[in-house]
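Here is a short briefing to read alongside the model.

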Amino acid sequence: MKNIILFGPPGSGKGTQAKTLEQQHGLIQISTGDLFRYELGNQTELGVLAQSYMSKGKLVPDEVTIKMLERKYNEHTAAVGVILDGFPRTVAQAVALDKMMETRGEEIAMLISMEVDEEELVQRLLLRGIDSGRADDANEGVIRKRLQVYQDETHPVLDYYAEQGKVIRINGMGSVDKVFAKLVETVGV
Ligand code: AMP
C-alpha cells in the first residue's frame, strides 16, 4: 500500500489535489481538517473541542488528532494507497505516524511538499472563504495565524522526513491541472 503525505501550507491546494487523486486514481484521501469539520457538523464532543482551536487558527491537540487519524486509517487497510492531507502537522504527529506504520508493516513512501508564495496563499484562502463559507478562511487575521502556525509547528515535519530522504518538492503555483499532472507523475499512479 502506498502511503503518501501531501504537505504544504493552508491554501497550497492539498485538499483539491487529494480529492482528484482519489476520484481518478483510487487513492484514499484522509484529511484531518475534513474529519474535524464532519465531527463539528454532527456536534460531537470531538467536533466541538476541535472548533475551539480551529476558529482561532490553532492546531487541535496531538493526542486527539492522532487517535482520530488512526481510526480512519484502519478503515482503509485494503486501499491501493492513502493520501494524508493535513497530517502530520507537528513532529510529534510524524513520530506517532511512523510508529503506527511500523506496527502495521507499512511505511511512508514519500512526502510531497507543495510550494506556494505566502501572498498567493492569503489571496487563495480569502477567495475560498467567500466560496466555501469556511469561517477560518473568512478572516485575514485567522489566515495569517494559520500560516504562522505552519511555519512554527508544521514546517519542521519537512526536515523530519528530509532526514529519511523522503521529501519531494513540487511547485504549487501553476494551474490546478498542471500541478495535478506533476503529482500523478510523482506518485506514479
Ligand atoms: P485544514 O482543513 O487542513 O486546513 O485544517 C483546518 C483546521 O483543522 C486547522 O487549522 C487545525 O485547527 C485543524 N487541523 C487539521 N488537521 C490537523 C492536524 N493534523 N493537527 C492539528 N490540527 C489540525
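In what order do the 5 strands of the open sheet lie? In this predicted model, the order is β2-β3-β1-β4-β5, and the strands pair in parallel.

- The edges are taken by β2 (28-31) and β5 (167-171), each of which pairs on one side only.
- From one strand to the next, the twist averages 25°.
- Strand β1 (residues 2-7) runs parallel to β3 (residues 81-85), and 5 bridges join the two.
- Within this pair, Leu 6 of β1 stands opposite Asp 85 in β3.

**A helix on the sheet**
- Helix α5 (residues 91-103) packs on the sheet, where it touches β1, β3 and β4 (108-115).
- The direction of α5 makes about 150° with that of β4.

**The largest pocket**
- For your grid-based work, the volume of the largest pocket comes to about 940 Å³.
- The lining of this pocket counts 48 residues, and the closest to the pocket centre are Pro 10, Lys 14, Arg 89, Arg 128 and Arg 134.
- Two strands of the sheet, β1 and β2, each supply at least two residues of the lining.
- Helices α1 (14-25), α2 (32-41), α6 (118-132), α7 (140-154) and α9 (176-187) also each supply at least two lining residues.
- Sorted by class, the lining holds 19 polar, 17 nonpolar and 12 charged residues.

Note on methods:
Residues numbered from 1 in each chain as written. Predicted model: local features only at pLDDT ≥ 70, side-chain atom pairs only at ≥ 80, totals over all residues. Heavy atoms only, no water. Pairing = 2+ DSSP bridges. Helix = DSSP H or I, 4+ residues; strand = E, 2+ residues; numbered from the N terminus. Axes fitted to C-alpha atoms, helices over the stretch in contact; angles between N-to-C directions. Contact = heavy atoms within 4.5 Å. 1 Å grid on protein atoms, 1.4 Å probe; cavity = no way out; pocket = protein on both sides within 12 Å on 5 of 7 lines; lining within 4 Å. Points joined across faces, edges and corners; volume = space filled by probe spheres on them. Nonpolar A, V, L, I, M, F, W, Y, C, P; charged D, E, K, R; others polar.
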